[in-house]
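Colleague: Can you take me through this model? I would like the overall picture and then some local details.

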Amino acid sequence: MEKKTSTLRLIYPQWQGGIVAHWMPDIPADDASRGYYLGAQLLNLLAPESSQKTVVVPVSLDINDRETEKGVSAHRVILEQTEVALAKLKENNPDRIVTLGGECSVSVVPFTYLAEKYPGDVAVVWIDAHPDVNLPYDDYKGYHAMALTACLGMGDEEIMNVLPGKIEASKSLLVGLRSWDEGMKDRQEELGIKGLSPVEVAADSTAVLEWLKGTGVSKVVVHFDLDVLDPNEIIAGVGVEPDGMKIQEVVRVINDIAAEYDLVGLTVAEPMPRIAIKIRNMLDQLPLLKE
């Protein structure tokens with residue numbers, strides 16, 4: 001008799017990993033900073049109904065609790081929320097995890113959990129405009145830019161000691177990549193992480209599937225950062241890098257992976273609901289609504 005597998009829906013509205021308010025001057029800075037929190041809630045609202053068990057990671061909303069320590073902004077809060085998220089996964093022991101975030105670092109806990117559960121048999125396809133291979137000693141201190149390296153076991157020692165597993169750099173692929181902070185292209189090359197531009201996956205998913213075949217794995221985790229999408233079609237994240245992937249291209253790549261491999265992890269991250277934030281702030285100023 002075939003063993004039934006469990007899929008957990010993890011709502012992980014962590015926002016502290018992003019230092020993003022300066023990119024959205026049309027939104028009050030505190031609202032922009034915490035925008036990922038609302039974004040995660042909206043993703044869960046908009047996602048199709050299913051029989052999956054849903055677990056919510058509690059996240060602090062204290063805007064002032066973002067002190068940079070050990071090269072990571074909001075280090076203490078992120079460490080605490082990492083421990084809570086991991087405890088929830090261990091309690092539920094899922095075989096597969098759908099994560100709705102939150103900024104990019106929400107993939108770190110579920111992906112490293114799955115790496116431990118399926119040792120040596122997991123590859124990561126990171127669909128993102130950016131490589132997310134920063135380290136704490138780099139100029140930018142936002143943990144969301146360190147998310148992929150954290151999945152590889154590289155980063156702040158205290159956080160790394162909490163994470164249960166790691167994925168090999170040789171089993172990591174960047175898709176939709178088109179923007180690098182200073183020095184990050186060199187680091188990507190040093191780590192040996194292959195990158196595919198939007199053009200290379202526009203027509204079909206062959207390049208992704210051929211790379212996966214070379215890893216020898218049976219299981220895949222996919223990270224989908226909404227800023228990979230072409231801003232001419234939709235602006236769903238913070239980034240507005242031109243010449244991105246079309247929605248249907250991303251959908252096709254992920255479905256093609258799932259058709260050939262056991263997709264054990266899927267994250268949708270970095271939703272920045274600009275319009276929803278403005279509507280919420282407008283409603284907050286109207287009479288009768290607060291009675």
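Modeller: What follows goes from the whole chain to single residues.
This is a predicted model, where local features need pLDDT of at least 70, side-chain atom pairs count only at pLDDT 80 or more, and totals for chains, interfaces and linings use all residues. Residues are numbered from 1 along each chain as its sequence is written, and side-chain values use heavy atoms, with hydrogens and water left out.

Colleague: How many helices and strands does the chain have?

Modeller: The chain has 10 helices and 10 strands, taken as DSSP runs (H or I, at least four residues, for helices; E, at least two, for strands) and numbered from the N terminus. Its radius of gyration is 18 Å, close to the 19 Å of the globule rule for 291 residues, so the chain is as compact as a globular protein of that length. That radius is taken over C-alpha atoms, and the rule is 2.2 Å times the number of residues to the power 0.38.

Colleague: What share of the residues is buried?

Modeller: Buried residues make up 54% of the 291. Buried means under 20% relative accessible area, exposed over 50%, and partly exposed in between, with a 1.4 Å probe and protein chains only.

Colleague: Which residues of helix 4 are buried?

Modeller: Eight of the 10 residues in helix 4 (108-117) are buried. They are Val108, Val109, Pro110, Phe111, Thr112, Tyr113, Leu114 and Ala115.

Colleague: New topic. Where is Lys246?

Modeller: Lys246 sits in the loop between strand 9 (219-225) and helix 9 (247-260). Its relative accessibility is 35%, so Lys246 counts as partly exposed.

Colleague: And what does Lys246 touch?

Modeller: Leaving aside residues up to four places away in sequence, Lys246 touches Leu229, Asp230 and Glu233; contact means heavy atoms within 4.5 Å. With Asp230 there is a side-chain to side-chain polar contact at 3.2 Å. A polar contact is a pair of N or O atoms within 3.5 Å; within protein, one must be able to donate a hydrogen and the other to accept it, and residues adjacent in sequence count only if both atoms are side-chain atoms.

Colleague: Back to the backbone. Which peptide bond is cis?

Modeller: The one from Gly101 to Gly102, with omega near 25°. Gly102 lies in the loop between strand 5 (96-101) and helix 4.

Colleague: What is phi at Ala74?

Modeller: Positive, about 60°, although Ala74 is not a glycine. Leu288, also a residue other than glycine, has phi near 75°.
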